[in-house]
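Subject: A structure for you to explore

Hello! Here is the structure I promised to pass on to you. Please open it next to this email, and then read on for what turned up in it.

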Amino acid sequence: GMNDVSPYFAAQANDRIPHLLFVLFQCMFAVITPALMIGASAERVNFKGFVIFILLWSIFVYNPVAHWVWSTDGWLNKLGVLDFSGGNVVEINPGIAALVLAIMLGKRKDYRGHAIPPHNVPFIVVGAALLWFGWYGFNAGSALAADGLSVNAFLTTHISAAAAALTWAIVDFIIERKPTLVGISTGAVAGLVAITPAAGFVGLTGALVIGIVSSLVCFYMVAIVKQRFGYDDALDVFGIHGIGGIIGTVLTGVLATPFVQHQYSGLLYGNVHQLVVQLIAVGSTVAFSAFMTFIIYKLVDKTIGMRASKQQESLGLDETMHNEIAYTD
């Protein structure tokens, strides 16, 4: 019940915000992370099973990884990992879990091995715009102050997203001869994801590189790899968040500059060790998230059930699980 946690005082003398505010900020990360996985299982997951799955996943997967990375007692933190706003914790972690979830659930009944056309493009653009704006708080807020570090995170976040959105549009134009709003929105999210671990450690040049690279690689994952392997990740959670998080975390170990925070540097500044640490963090997060997601899925599937029935899926989960009939005749 947060007893004895005052809204007026920091947890420690060197903390810059009230402890209670930090708790609220961390709750935001804890809510967003498992919510990302919903996109991978769209239109075919049993709601009751998914609720239990998310509760267990939050406790036994999210909490440990967050502790590893952000707690001063965490082993990755002690190792020296750089993760400003959650590349490992909030992006790789649910991205890998989403892939496991999509594979174990199986494909939607009407999935044809390629993306199903979006229902409402304006809604996608509005959603991407809200994400883009909200990410400023997500990343800049991780400085825990309104200062130069916060401004750097704010600006690098914006530049990475803009560069990634433009890159995706250019690739769309080269391949399809038609850039799309859905593609621009997807690219922007890829850039936002990839800059998340790096926002407080790289400058604008680093942000440009991260935005362009993440857009190119995520485009390949979404357009080529997913189709080749046939997994039904409905909203490309793995292809954007998982892969984007990996790219951003690794490139943080390359591009981190002491010009932003003097005590941190990456490979380009002669610090090979930092890149090694980033790779260890990526590998451990991928392995732990995949293994634990598999175990939790099996447990819930055997007891409650994770896949909606064929009849429920055919009629639509809106009506059969939630009694919402806006899209049902």
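This is a predicted model: local features need pLDDT of at least 70, side-chain atom pairs count only at pLDDT 80 or more; totals for chains, interfaces and linings use all residues.

Residues are numbered from 1 along each chain as its sequence is written, and side-chain values use heavy atoms, with hydrogens and water left out.

**Rings that meet**

By that definition, both Phe84 and Phe201 are buried. How many aromatic pairs does a search of the whole structure find? There are 13. Rings of Phe, Tyr and Trp (its six-membered ring) count as a pair if their centres lie within 6.5 Å; planes under 30 degrees apart are stacked, over 60 edge-to-face, and the rest tilted.

Phe84 and Phe201 make one of these pairs, and it is edge-to-face, with 5.7 Å from centre to centre and 85° between the planes. Phe84 sits in the loop between α3 (75-79) and α4 (87-105), and Phe201 in the loop between α7 (181-195) and α8 (204-229), so this pair ties together parts that are 117 residues apart in sequence. The helix names come from DSSP runs numbered from the N terminus: helices are H or I with at least four residues, and strands are E with at least two.

Phe201 also forms an edge-to-face pair with Tyr264, at 5.2 Å centre to centre and 90° between the planes.

Elsewhere, ring pairs join Phe25, Phe29, Trp70, Trp135 and Phe138 into a cluster. A ring can also meet a charge: the charged end of Arg177 sits over the ring of Phe173, 4.6 Å from its centre. To count, NZ of Lys or CZ of Arg must be within 6 Å of the ring centre and within 35 degrees of the ring normal.

**Helix α7**

Why is α7 described as largely enclosed by the rest of the structure? Twelve of its 15 residues are buried. Among them are Gly183, Ser185, Leu192 and Ile195. The cover over the buried residues of α7 includes α4, α5 (121-140), α6 (148-176), α8 and α9; contact here means heavy atoms within 4.5 Å.

The expected span of a helix is 1.5 Å times one less than its number of residues. For the 15 residues of α7 that gives 21 Å, and the end C-alpha atoms are 21 Å apart, which agrees.

**Two residues and what they touch**

Met37 belongs to the loop between α1 and α2 and is buried, at 0% relative accessibility. Met37 and Ala98 are 61 residues apart in sequence but 5.0 Å apart in space, C-alpha to C-alpha. Leaving out residues up to four places away in sequence, Met37 touches Phe50, Phe53, Ile54, Trp57, Pro94, Ala97, Ala98 and Leu101.

Gly242 is part of helix α9 and is buried, also with a relative accessible area of 0%. With the neighbours up to four places away set aside, Gly242 touches Glu91, Ile92, Gly95 and Val237.

Most residues other than glycine have a negative phi. Asp4 is not a glycine, yet its phi is positive, about 70°. Asp4 lies in the segment before α1 and is exposed, with a relative accessible area of 83%. Glu43 also has a positive phi, near 75°. You will find Glu43 in the loop between α1 and α2, where it is partly exposed at 46% relative accessibility.

Happy exploring!

Methods. Buried means under 20% relative accessible area, exposed over 50%, partly exposed in between (1.4 Å probe, protein chains only).
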